[in-house]
Amino acid sequence: MDKPGSYSGFYAVFAPNLGSANQLSEYPIRRRLHDHYVTNRFPAFSDPRNDLRDSDRVIRYARELFDDEQPRRAIELIRLAIEEDQTQRALWLALIELCFLHRDAPRFTELILAFVAEFAHDPALPILSAMRRNLVPNDPAMGNSPELHGLPNWSVPAGSAKNDVLQRQFHAHLHHAAISHLSRI
């Protein structure tokens, strides 16, 4: 990954407001205002302090927003959750994938640079390079990046992906049963 100011250009790096959660706990009025904003903007989160730390729930809700053509709200929700707890790797990856799907090259680039700073030796880095190469093919910094052969589905909750596999197996079984039945006729 290149760094800000490298040959490929300067990118404003997403730095989550890491003091946000600490500042909010020190200032009860700020915490109440923040929580009120989150509950009004995202009604599924009645207790933002705890709900935003549930990465599966945040990802599921953000993906629903994204699929309902509300990508900005989906991205905002995940950013708020990262500010609440920046160590949630799954949230970072889901946010990066949503920015990729939204084809937002500047925000995507800023996020992967911040991800590299937070998770320096993460096994997802080659996939991120391939995604960046796909999104910004003319960037000379990505010339040696691998090709993207499919999206990793970081923004799809784990249970949902499992259901997709079960549905495919079920349909394959139905198809096999139908063919068996037709061959006996």
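**Entry 1: helix α6**

I started with what lies over the buried residues of α6, and the cover includes α4 (55-67), α5, α7 and α8. Buried here means under 20% relative accessible area, with exposed over 50% and partly exposed in between (1.4 Å probe, protein chains only). A note on the source: this is a predicted model, where local features need pLDDT of at least 70 and side-chain atom pairs count only at pLDDT 80 or more, while totals for chains, interfaces and linings use all residues. Residues are numbered from 1 along each chain as its sequence is written, and side-chain values use heavy atoms, with hydrogens and water left out.

Next I checked how much of α6 is covered: 10 of its 13 residues are buried. I listed them as Leu91, Trp92, Leu93, Ala94, Leu95, Ile96, Glu97, Leu98, Cys99 and Phe100. Helix α6 itself takes in residues 89-101 and reaches 19 Å from first C-alpha to last, close to the 18 Å expected at 1.5 Å a residue. The expected span is 1.5 Å times one less than the number of residues. Just after α6, I found Arg103 with a positive phi of about 60°.

**Entry 2: helix α5**

I then turned to α5, one of the helices covering α6. Why call α5 largely enclosed by the rest of the structure? I counted 13 of its 14 residues as buried, so the description holds. The length works out too: α5 (residues 71-84) should span 20 Å, and its end C-alpha atoms are 20 Å apart.

**Entry 3: α7 against α8**

How do α7 and α8 pack? Helix α7 (residues 105-118) and helix α8 (residues 125-135) meet at an angle of about 165°, with their axes 11 Å apart. The crossing of α7 past α8 is left-handed.

For the contacts (heavy atoms within 4.5 Å), I noted Ala105, Phe108, Thr109, Ile112, Phe115 and Val116 on the α7 side. Their partners in α8 are Leu125, Leu128, Met131, Arg132 and Leu135.

**Entry 4: the whole chain**

Finally I stepped back to the protein chain, which has nine helices and zero strands. Helices are DSSP runs (H or I, at least four residues) and strands are E runs of at least two, numbered from the N terminus. Of its 185 residues, 42% count as buried. Among contacts between residues at least 6 apart in sequence, 56% join residues at least 24 apart.

How values were computed. Axes fitted to C-alpha atoms, helices over the stretch in contact; angles between N-to-C directions. Left-handed = near helix turned anticlockwise from the far one by under 90°.
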